[in-house]
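Student: Hi! Could you walk me through this one while I have it open on my screen?

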Number of protein chains: 2
Amino acid sequence: MENNNLLMIPGPTPVPEKVLLAQTKHPIGHRSPEFSEIIGEINDNLKWLHQTQNDVLTLTASGTGAMEAGIINFLSPSDRVIVGCNGKFAERWAELCEAFGLQTERVNAEWGEALDPETIREKLEADTNKEIKAVIVTHSETSTGVLNDLETINRHVKNHGEALIMVDAVTSLGSVNLPIDQWGLDVVASGSQKGYMIPPGLGFVTISEKAWGRYETAKLPKFYFDLGEYRKSAGKNSTPYTPPINLMFGLQTALQMMREEGLDNIFARHERNTQATREAMKALGLPLLAPDNAASRAVTAVAPTTVDAEKVRSVMKKQFDISLAGGQNQLKGKIFRIGHLGFVAERDVLTVVSSLEVTLRELGHENMTPGAGVAAANRVLAES
Amino acid sequence: MENNNLLMIPGPTPVPEKVLLAQTKHPIGHRSPEFSEIIGEINDNLKWLHQTQNDVLTLTASGTGAMEAGIINFLSPSDRVIVGCNGKFAERWAELCEAFGLQTERVNAEWGEALDPETIREKLEADTNKEIKAVIVTHSETSTGVLNDLETINRHVKNHGEALIMVDAVTSLGSVNLPIDQWGLDVVASGSQKGYMIPPGLGFVTISEKAWGRYETAKLPKFYFDLGEYRKSAGKNSTPYTPPINLMFGLQTALQMMREEGLDNIFARHERNTQATREAMKALGLPLLAPDNAASRAVTAVAPTTVDAEKVRSVMKKQFDISLAGGQNQLKGKIFRIGHLGFVAERDVLTVVSSLEVTLRELGHENMTPGAGVAAANRVLAES
């Protein structure tokens, strides 16, 4: 039978009905007092979500656009930057830096492993001339389900003193604690179709005072992504260019829902769903790509050895109308990824695990006790 | 009483109910076959709307982002460009060019007047070394309601041979005939909250083969707006970065509606609404900013002398919940602007004119016969 699609990919993520309905309102003028009021409320709630007193700037762009803005506003051609590379998105930021003529050094780790903060520390300590202007880290690497140790890496950057820390928080913001002001993060970028629980189309970036200092002398060319203009407008509850008004209506509602749930509860829910998913996979004899101590709270990557990852996705879609993500680049065909980011309830995780059990049985996965996955998830969810 | 807001500004423009409802569908994965099929349909219909065989590339960005992409992909630092400047948006493109280090020459006209194609011709003919790499023209200047003579200017650019013609068609596309392939326009950019009849959030740009040739050697840095990537993806009914899925659902529906109405009918409707608005203003003794022979079909700017433009807007909003736009920059407070772009029916024009008559009477506008504006609009609408 036809059913509603259950969207369990790491973005776009499920959207609450009341957010979808908020988007159906007729647009109003973006320079009207009514819309300024909405921008004001949104900006307050974005600061709350980001745990920061800095402005959170809203761009009409995907997360990639927000990262580009976060990088190019604070650097000049030939600046030396370090990019932690252990997945597709980290690799994208390195390519972006190269496209803008930055002296780009990759610190690599295997896809599926976390970055080693020590390697970054060594590079920073060796840089006695303070030539390194930025360290770019993907907090939750969506392509592998790895959570990098941002807190430790950031400590090394702080000890260096000159470099800015620039963070891709696209799938970490709203899924795991990210105390921006407490850690002193300089640039943090994210996208709407993730923890925000709204459709894609908006990018967000928040900037420290230290980074704004660099903005004054940064020489990479920019116009649409000139964040100084967004900052000026934010002070007047406005935007420099026309914002996606209907998405903003959705964002307003989603942020209200998030405040109602509370940050701690949101993080705890993501933690429970992550652990339930991971324990279920283990109980079903399915290897996890990322280790337990570096597990993204947004997405779990599974690397099955006895069944074909793409066949798992195909049966899950056809028989249950559950969308899982596949592998990207060198992981294509080797993994499937279960998104549990944003508007995902415990019930959804149980649905995925129980449907996956049927799928695995149909595909001839051996050494599996039907119900074992659900039982493992049960233990996590009942205890926590 | 409370009423539905009647949005008569030149963007965001009114959105049909079925487009708003299309946006409420739950997002699906942007890499799914279902979404590829939607992209394929949209891309076909965009080509139809643009009267071109070239790809029309869809960006998650406002119209300004689309213009930036259209400019920076085909030029190198210090390239000489001519920008026709007779309004706020044209001025924005000149500033954008300067921000990217282009040798930027403005060809000015008074705000409210059309560009003089002769001045541009002279500059192009004097450039025997073929140093001018682009001529940038705002077709319909939203800030003044002026339609520039793109066809003539383009003919001069074609005679030059080297320069690309780059067009801001943000409020002309879908309101007035713009035969891109027939005229051989190189870069044409537009935005979703205009003739497209959908909310803001999408930018569009279409590129000629000649411009793609320049792309190969153009050296301005780019990543998010690297149109080569969008072109590659369009060939696979995909996008390089996550598109605003729900806006795309709306776009799909809006383009279906436009095809059903037909291009000629759409242009004729805009023509009727423009003439009805203009004749009504004249009959009410309200001076028009733009001359008849250079009238935007998207927006009519009115420069009242006996009443305060901002008071007109204020009464229209409070008493009738009709939103009109104000003046920008040096025209602030001096004009009000009536949008008649996109999903605007003859009925809406009559509503605005008749409400404006009440407003004018309340504000003490003299030399006015109540009903004269509606009668003038009547003559246009009944005859055409």
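Tutor: Happy to; we can go through the domains, a sheet, a helix pair, a few strands and the chain contact. Keep in mind that this is a predicted model.

Student: Good to know. Which domains is chain A divided into?

Tutor: There are two: domain 1 covers 6-12 + 263-383, and domain 2 covers 17-260. Their centres, taken over C-alpha atoms, are 28 Å apart.

Student: And how many residues does each domain bring to the contact?

Tutor: Domain 1 of chain A gives 24 residues and domain 2 of chain A gives 25 residues. On the domain 1 side, the elements with two or more residues in the contact are α11 (263-283) and β11 (299-302) of chain A.

Student: You mentioned β11. Which sheet order does it belong to in chain A?

Tutor: The order is β1-β12-β13-β11 in chain A, an open sheet of four strands with mixed pairing. The edges are β1 (6-8) and β11 of chain A, each of which pairs on one side only. On average, neighbouring strands in this sheet are turned by 35° against each other, ignoring direction.

Student: How does β1(A) pair with β12?

Tutor: In the parallel sense, over three bridges, with strand β12 being residues 322-326 of chain A. To find one bridge on screen, look for A:L7, whose partner in β12(A) is A:S323.

Student: What about helices against that sheet?

Tutor: Start with α11(A), which packs on the sheet and touches β11 and β13 (336-339) of chain A. The direction of α11(A) makes about 10° with that of β11(A). Then there is helix α13 (residues 346-362) of chain A, lying across β1, β12 and β13 of chain A. Helix α13 of chain A runs at about 90° to β1(A).

Student: Switching topic: at what angle do α5 and α6 of chain A pack?

Tutor: The angle is about 5°, and the axes are 9 Å apart; α5 is residues 117-126 and α6 is residues 150-160 of chain A. That angle is why α5(A) counts as roughly parallel to α6(A).

Student: Next, is strand β5 of chain A buried or exposed?

Tutor: Seven of the seven residues in β5 (residues 132-138) of chain A are buried, so the strand is largely enclosed by the rest of the structure.

Student: Which strands pair with it?

Tutor: Strand β3 (residues 80-85) of chain A runs parallel to β5(A) and is joined to it by four bridges. Across that pairing, A:V81 stands opposite A:A134. β5(A) is also joined by five bridges to strand β8 (residues 164-168) of chain A, again running parallel. In that pairing, A:I136 stands opposite A:M166.

Student: I've also clicked on A:A211. Where does it sit, and what does it touch?

Tutor: A:A211 lies in helix α8 (residues 209-215) of chain A. Leaving aside residues up to four places away in sequence, A:A211 touches A:F74, A:L164, A:D186 and A:V187.

Student: Why does A:A211 count as buried?

Tutor: Because A:A211 has 23 C-beta neighbours inside 10 Å, and the cut-off for buried is 20 or more.

Student: Okay, over to chain B. How covered is its β12?

Tutor: Mostly covered: four of the five residues of β12 (residues 322-326) of chain B are buried. Strand β1 (residues 6-8) of chain B runs parallel to β12(B), with three bridges, and B:L6 stands opposite B:I322. Strand β13 (residues 336-339) of chain B runs antiparallel to β12(B), with two bridges. There, B:G326 has B:F336 as its bridge partner.

Student: Last one: how many residues does each chain give to the contact between A and B?

Tutor: Chain B gives 42 residues and chain A gives 42 residues. On the chain B side, α1 (17-22), α3 (63-72), α4 (88-99) and α10 (245-261) each supply at least two residues. That side divides into 22 nonpolar, 18 polar and two charged residues.

Student: Great, thanks!

Conventions
Residues numbered from 1 in each chain as written. Chains lettered and ligands numbered in written order. Predicted model: local features only at pLDDT ≥ 70, side-chain atom pairs only at ≥ 80, totals over all residues. Domains from an automatic or database assignment. Contact = placed C-beta atoms within 7 Å. Axes fitted to C-alpha atoms, helices over the stretch in contact; angles between N-to-C directions. Parallel < 35°, antiparallel > 145°, perpendicular 65-115°, else oblique. Buried ≥ 20, exposed ≤ 12 C-beta atoms within 10 Å, placed from the backbone. Nonpolar A, V, L, I, M, F, W, Y, C, P; charged D, E, K, R; others polar. Pairing = 2+ DSSP bridges.
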